[in-house]
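Please look over the sequence and the model, then read the notes grouped by topic.

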Amino acid sequence: MIWAEQVTVNSHDCDVNSILRPTGVMRLMQEAASDHLYAVGRGESELRADDRAFIVSTISFDVIKPIMMRDKLRVKTWEAGSRGVKFMRYYTVERDGETIAGGECVCALVEISTGKLMRVDCDALWNSKAETAVYTPELNPHFITDSHATFTDAGDFSVSYSFIDRNDHMNNTCYADMFYGAVPGHDEKCLSSMAVSYVRSAHLGDVLGLSYYERDGVYYMRSCFADGTVNATAKVKLT
């Protein structure tokens, strides 16, 4: 089932150049997914009542053309089946009939009280067959560190109350601006592609150390807790 909705870009989600911030792009996609779930009676409230919640494992997306303040958009999302405990979802964003952004997300369904991963029966969840169409972003979220790479320190990021969501951890969309803001030249170029892999949840008061290295125009990034364990990894490409 393809879910589509019309949205207008909020000026408060745009940067000094009137371009939608990376976190705003992710929110466009994930709000459409949330609305899709509510439309079929499987929204956050219904899932929580059943002691369940969807969590994002990885997300990758392209921004083919900058999304501008007050743009009128058509956002599409659809499910494309599951692989074990992994559930696949895809997105496209259209302006005047042209696809200007798209993405892929891997989710998991968890039992809230235990944290146990649960298998997803997509046909039963949506009462319809999953779509076969996919959108394949330029960057994939699989992060293998180059053995010869030297990471450059990019400062710290403090997780404050405004970044915490209903699952009591840093909302996954906030990572987009965090990583983008640590890329050299981000204030002079536009984001073209990003991929994020969520390893361990960050909570209120955590201070994350950011670092990166660059190879072939792609920035390989990571955020780590104070003890050195990895919180998330990302790939970022500017144009």
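**Aromatic rings and their surroundings**

Arg222 lies over the face of Phe151, at 3.6 Å from the ring centre; a charge sits over a ring if NZ of Lys or CZ of Arg is within 6 Å of the ring centre and within 35 degrees of the ring normal. This is a predicted model, in which local features need pLDDT of at least 70 and side-chain atom pairs count only at pLDDT 80 or more, while totals for chains, interfaces and linings use all residues. Residues are numbered from 1 along each chain as its sequence is written, and side-chain values use heavy atoms, with hydrogens and water left out.

**Aromatic pairs**

- Phe151 also belongs to one aromatic cluster, together with Phe143, Tyr213 and Tyr220.
- The structure holds nine aromatic pairs; rings of Phe, Tyr and Trp (its six-membered ring) pair if their centres lie within 6.5 Å, and planes under 30 degrees apart count as stacked, over 60 as edge-to-face and the rest as tilted.
- Tyr175 and Tyr198 make an edge-to-face pair, because their ring centres are 5.1 Å apart and their planes stand at 85°.
- This pair links distant parts of the chain, 23 residues apart: Tyr175 is in helix α4 (residues 174-180) and Tyr198 in strand β8 (residues 191-198). Helices (H or I, at least four residues) and strands (E, at least two) are DSSP runs, numbered from the N terminus.
- Tyr175 is buried at a relative accessible area of 3%, and Tyr198 is buried at 15%. Buried means under 20% relative accessible area, exposed over 50%, and partly exposed in between (1.4 Å probe, protein chains only).
- The rings of Tyr212 and Tyr219 also form an edge-to-face pair, with centres 5.7 Å apart and planes at 65°.
- Tyr212 is buried, with 15% relative accessibility, and Tyr219 is buried, with a relative accessible area of 17%.

**Helix α1**

- Thr23 is found in helix α1 (residues 22-39) and counts as buried, at 5% relative accessibility.
- Neighbours within four places in sequence aside, Thr23 is in contact (heavy atoms within 4.5 Å) with Thr173, Cys174, Ala176 and Asp177.

**Strand β2**

- Ile55 is found in strand β2 (residues 52-63).
- The relative accessible area of Ile55 is 33%, so this residue is partly exposed.
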